[in-house]
Amino acid sequence: MLTILSFIIVIGVIIFVHELGHFLAAKSVGIRVEAFSLGYPPTALRKQVGETEYRLSWIPFGGYVKMAGMIDEGLEGESSLTGAPWEFSSKNTGQKLWVITAGVLMNLLLAILIYTGITAARGVAEPEGTFVGAVSAGDPADEAGLQAGDRILVINGVTVTTWEEMVDEIYAQPEEELLISY
């Protein structure tokens, strides 16, 4: 049950951020937003604030932003268009493109913020010591006889005790054969 609830919360956040992107972009170019809904009907809660009705619906796997002048397939059709300056259809191509892509851009921003936050909180894992993690068949390490778990001690006569020292020594001599003690 906890897994299902966690899934719904995570999906809900992703959907909210996505739809918020469309909403904010529409507002930024002067498009009237008639409805902002999380979930699909039937509607559980609704609240009218200004020109926008905010909805929370029962089916949590989606959401939508209903903008004035945006034709919904199978609903009002073109007869609902008035040509008013606050309608989606009255905006230029760049503004329409901005509104349509803003949801995906917000999800990208959310991913960047989440991964940045995790990295800031936990840091980046640094390998401890100079141990070999894995060796792929046919690679130079495999041909040299190295195996996962081996510890590199010396590279071309230079003792290495940290991962950074080992990487620096290897990168300082690209395309050259190295003498390694392990």
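These legends go with a set of close-up views of one predicted model.

Some ground rules come before the views. Since the model is predicted, local features need pLDDT of at least 70 and side-chain atom pairs count only at pLDDT 80 or more, while totals for chains, interfaces and linings use all residues. Residues are numbered from 1 along each chain as its sequence is written, and side-chain values use heavy atoms, with hydrogens and water left out.

**View 1. Threonine 130 sits in the loop between helix 2 (93-122) and helix 3 (140-143).** Helices here are DSSP runs of H or I with at least four residues, strands are runs of E with at least two, and both are numbered from the N terminus. Threonine 130 has a relative accessible area of 0%, so it is buried. That label means under 20% relative accessible area; exposed means over 50%, and partly exposed is in between (1.4 Å probe, protein chains only). The side chain of threonine 130 reaches the backbone oxygen of isoleucine 152 at 2.5 Å. For reference, a polar contact is a pair of N or O atoms within 3.5 Å; within protein, one must be able to donate a hydrogen and the other to accept it, and residues adjacent in sequence count only if both atoms are side-chain atoms. Leaving aside residues up to four places away in sequence, threonine 130 touches Asp150, Arg151, Ile152, Val160, Thr161, Thr162, Trp163 and Met166. Contact means heavy atoms within 4.5 Å.

**View 2. Here is the largest pocket, with a volume of about 540 Å³.** It has 23 lining residues, and the closest to its centre are Pro140, Ala141, Leu146, Ile170 and Ile180. Helix 3 and helix 4 (163-171) each supply at least two residues of that lining. By class, the lining has 15 nonpolar, 3 polar and 5 charged residues. The classes go like this: Ala, Val, Leu, Ile, Met, Phe, Trp, Tyr, Cys and Pro are nonpolar, Asp, Glu, Lys and Arg are charged, and the others, Gly among them, are polar. A pocket is found on a 1 Å grid over the protein atoms alone, as an open set of points where a 1.4 Å probe fits, with protein on both sides within 12 Å along at least five of seven lines; lining residues have an atom within 4 Å of a point. Grid points are joined across faces, edges and corners, and the volume is the space filled by probe spheres set on the points.

**View 3. An open sheet of 3 strands runs in the order 4-3-5, with antiparallel pairing.** Strand 4 (158-159) and strand 5 (180-181) are at the edges with a single partner strand each, so one side of each has no neighbour in the sheet. Strand 3 (residues 154-155) pairs with strand 4 in the antiparallel sense over 2 bridges, and DSSP has to find at least two bridges for strands to pair. Valine 154 stands opposite threonine 159 in strand 4. The loop between strand 3 and strand 4 holds asparagine 156. This asparagine has a positive phi of about 50° although it is not a glycine. With a relative accessible area of 30%, asparagine 156 is partly exposed.

**View 4. Glycine 30 lies in the loop between helix 1 (2-28) and strand 1 (33-49).** At 38% relative accessibility, glycine 30 is partly exposed. Proline 85 is 55 residues from glycine 30 in sequence but 7.9 Å away in space, C-alpha to C-alpha. Glycine 30 touches Pro85, Trp86 and Lys91, again not counting residues up to four places away in sequence.

**View 5. A cis peptide bond joins proline 41 and proline 42, with omega about 15°.** Proline 42 is in strand 1. As a reminder, most peptide bonds are trans, and most residues other than glycine have a negative phi.

**View 6. Glutamate 175 is in the loop between helix 4 and strand 5.** Here too phi is positive: about 60° for glutamate 175, although it is not a glycine. Its relative accessible area is 85%, so glutamate 175 is exposed. Glutamate 175 and proline 41 are 134 residues apart along the chain, and their C-alpha atoms are separated by 63 Å.

**View 7. Alanine 134 is in the loop between helix 2 and helix 3.** At 65% relative accessibility, alanine 134 counts as exposed. Alanine 134 and glycine 149 are 15 residues apart in sequence and 7.8 Å apart in space, C-alpha to C-alpha.
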